[in-house]
Amino acid sequence: MLMDACPDCDAPYQPHRLGFRHCDACGLDLAAVSASIADPSALALQAHNEAVLDGRAVAWPHLHGTHPVAFFAIQLAIFRAIAAKNWGERVRAALHPSVGEIDLDYRTANPSIRSMTVSAAHGVMRGVSRLLRGWPFGLVGPCGEARAWASWIVPEEPGVQTPFALRRVLDTYLRPGSSNAR
């Protein structure tokens, strides 16, 4: 179930307190609440990420042998691209036919990755999983369609290094004037 707050009183969901059945703030019977089911592709990516964190090698198709830190940095860059306020909307629109609506809901007034609801972060991870599928063209196609260029996906920030596996793809296909530019 994708829930981080009680649907009745909006209190944070804390299953370690009263268990999984009731909200510890208002007592709502959570068994009666309709559940949002996790997406299988996002769960597959999560299972792979957990295996990598346990020390196994990156085995994601077409990214075999990528250093784990680089693999997670690629995911974070893609996550940020999908969740971006302005041009991220174009990326989400390009992903819509394959992953459905990606709603960005936040628990605080200051939107950030850390304040996303569980279901919003899960929706973005559906998009990350889709863009990683068929690397690199799973990323290039929808981002090219959205005209999300390299500088939007990975803004140049002092002290931030883009993994080579991602930088090579961005420089080859997602720069104005590249083979994918229209």
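Here are some notes on this predicted model, point by point.

1. Ground rules. Residue numbers start from 1 along each chain as its sequence is written, side-chain values use heavy atoms, and hydrogens and water are left out. Since we are looking at a prediction, local features need pLDDT of at least 70 and side-chain atom pairs count only at pLDDT 80 or more, while totals for chains, interfaces and linings use all residues.

2. Overall layout. The protein chain has eight helices and zero strands, where helices (H or I, at least four residues) and strands (E, at least two) are DSSP runs numbered from the N terminus. Read from the N terminus, the order of elements is α-α-α-α-α-α-α-α. Along the principal axes, the C-alpha atoms of the protein chain fill a box of roughly 60 × 35 × 35 Å.

3. P12 sits in the segment before α1 (15-18). Setting aside neighbours within four places in sequence, P12 is in contact (heavy atoms within 4.5 Å) with D4, A5 and D24. P12 and N110 are 98 residues apart in sequence, and their C-alpha atoms are 17 Å apart in space.

4. Two spots to check by eye. H62, in the loop between α2 and α3, is not a glycine but has a positive phi of about 70°. P136 belongs to the loop between α5 and α6, and the peptide bond joining W135 and P136 is cis, with omega about 0°.

5. W87. Where is W87 found? W87 is in the loop between α3 and α4. Not counting residues up to four places away in sequence, W87 touches A81, A148, W152 and I153.

6. α4 against α5. Helix α4 (residues 88-99) packs on α5 at an angle of about 85°, with the axes 10 Å apart. For the record, axes are lines fitted to C-alpha atoms, for helices over the stretch in contact, and angles run from 0 to 180 degrees between N-to-C directions. α4 and α5 are therefore roughly perpendicular to each other; the classes are under 35 degrees for roughly parallel, over 145 for roughly antiparallel, 65 to 115 for roughly perpendicular, and oblique for the rest. From α4, L95, S98 and V99 meet R126, G127, R130 and L131 of α5. By class, this contact has three nonpolar, two polar and two charged residues. Here Ala, Val, Leu, Ile, Met, Phe, Trp, Tyr, Cys and Pro count as nonpolar, Asp, Glu, Lys and Arg as charged, and the others, Gly among them, as polar.

7. α6 against α8. The axes of α6 (residues 137-145) and α8 (residues 164-173) come within 11 Å and cross at roughly 45°, which means α6 is oblique to α8. On the α6 side F137, L139 and V140 take part, and they meet L166, V169 and Y173 in α8. What classes of residue make up the contact of α6 with α8? Six are nonpolar, with no polar and no charged residues.

8. The largest pocket. Its volume is about 310 Å³. A pocket is an open set of points on a 1 Å grid over the protein atoms alone, where a 1.4 Å probe fits, with protein on both sides within 12 Å along at least five of seven lines; lining residues have an atom within 4 Å of a point. Grid points are joined across faces, edges and corners, and the volume is the space filled by probe spheres set on them. Of the 14 lining residues, Q46, N49, Q75, F79 and M125 lie nearest the centre of the largest pocket. The elements giving two or more residues to this lining are α2 (40-53), α3 (68-83) and α5 (118-132), and α2 provides the largest share, with five. The lining of the largest pocket has 10 nonpolar, four polar and no charged residues.

9. The second largest pocket. This one holds about 270 Å³ of space. It is lined by 19 residues, with A73, A77, R80, V154 and V160 closest to its centre. α3 and α7 (150-153) each supply at least two residues of the lining, and the largest share, seven residues, comes from α3. By class, the lining of the second largest pocket divides into 15 nonpolar, two polar and two charged residues.
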